[in-house]
Amino acid sequence: MFVVLCSFFGKSTFAVNVVQTILWIFLNAYILDVLHEESTKNMKIYTAVLIFVAVPFNYLEVMYKDVVFSMGILAITVGIYHIVKKQNVIWQDILTLTIGGAFVSLCRHGGNVVVLMSFVSLAVYFFMKRRKKDCQYLVGITVFQVCLFLLVNVGFMHVLNAAKNPAYIKYTMPMVTISGAVSYGAAFEAEDIEVLEKIMPVEEWGGLL
């Protein structure tokens with residue numbers, strides 16, 4: 001869905017790079033605003049660390065789902081921190097939690113559990129604090145996340161008649177490791193060979209690299 005939406009700006013993977021870079025810029029502007037409320041020193045430290053590490057900037061150049069998923073995790077973390085710190089929900093927080101939560105929920109298995117537990121806990125927190133309006137905001141965001149998750153994982157999967165990937169597709173790195181071991185003539189125990197041959201003959205595993 002994210003790639004399709006980005007394709008409206010151009011039929012190229014570069015369009016995805018541009019969109020996620022724009023999202024990264026807005027997210028960091030939000031983070032710097034949150035840190036500025038504490039002190040300008042925090043802003044400087046965050047900026048220095050971000051530049052020194054540089055990894056997030058490198059990953060903006062690729063089209064992995066991990067990029068937007070990681071931004072989503074960062075977004076909801078900072079958003080929740082800001083809301084709890086200020087004891088108030090503003091529109092920037094709502095936007096950050098909504099978009100960030102969607103990326104976390106849809107881009108990783110189990111991401112929806114993280115989002116629901118976080119948002120429901122925050123809603124309960126405001127309910128206990130008797131902050132009805134803020135609680136309603138959080139309930140609304142949570143309901144939106146549930147509806148979006150069901151729309152994509154139930155509605156779209158059914159409409160598009162999409163078939164689920166085989167279970168072993170989840171284990172990319174182990175498969176590459178096994179393929180490398182077979183290619184270099186590593187010896188496997190009989191019980192390991194039995195497991196591997198449930199998918200394909202052992203000799204064919206070496207051809208995956």
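**Charges and cysteines in a predicted model**

Asp192 is placed in helix α10; helices here are DSSP runs of H or I with at least four residues, numbered from the N terminus. This is a predicted model, in which local features need pLDDT of at least 70 and side-chain atom pairs count only at pLDDT 80 or more, while totals for chains, interfaces and linings use all residues. Residues are numbered from 1 along each chain as its sequence is written, and side-chain values use heavy atoms, with hydrogens and water left out.

Asp192 has a relative accessible area of 36%, so this residue is partly exposed. Buried means under 20% relative accessible area, exposed means over 50%, and partly exposed lies in between (1.4 Å probe, protein chains only). Asp192 belongs to a patch of negative charge on the surface, together with Glu189, Glu191, Glu194, Glu197, Glu203 and Glu204. Patches of charge are made of residues with over 30% relative accessible area and no salt bridge, and like charges are joined within 9 Å. Helices α10 (190-196) and α11 (202-205) each supply at least two residues of the negative patch. The most comes from α10, which gives three residues.

Next come the salt bridges. Side chains of opposite charge can pair when their charged atoms come close. A salt bridge is counted when a side-chain nitrogen of Lys or Arg is within 4 Å of a carboxyl oxygen of Asp or Glu. The whole structure has three salt bridges. In one of them, Glu38 pairs with Lys85, and the closest N and O atoms are 3.9 Å apart. Glu38 lies in the loop between α2 (13-36) and α3 (40-53), and Lys85 lies in helix α5 (residues 65-86), so this pair ties together parts that are 47 residues apart in sequence.

Another salt bridge joins Arg108 and Asp66, at 2.1 Å from N to O. Because Arg108 is in the loop between α6 (91-107) and α7 (111-128) and Asp66 is in helix α5, the pair ties together parts that are 42 residues apart in sequence. Arg131 forms a salt bridge with Asp134, with the closest N and O atoms 2.8 Å apart. Arg131 is partly exposed at 32% relative accessibility, whereas Asp134 is buried at 4%.

Last, the cysteines. The structure holds zero disulfides, a disulfide being a pair of cysteine sulfur atoms within 2.5 Å. Cys6 is buried, with a relative accessible area of 3%. Cys147 is also in no disulfide, and the nearest cysteine sulfur, that of Cys135, is 17 Å away. Cys147 is partly exposed, at 47% relative accessibility.

Key: Patches are made of residues with over 30% relative accessible area and no salt bridge: like charges are joined within 9 Å, nonpolar side chains (Val, Leu, Ile, Met, Phe, Trp, Tyr) within 5 Å. Accessible areas come from the Shrake-Rupley method with a 1.4 Å probe; for residues, only the protein chains shown count as cover. Lys and Arg count as positive and Asp and Glu as negative; His and the chain ends are not counted. The place of a charge is taken as NZ of Lys, CZ of Arg, CG of Asp or CD of Glu.
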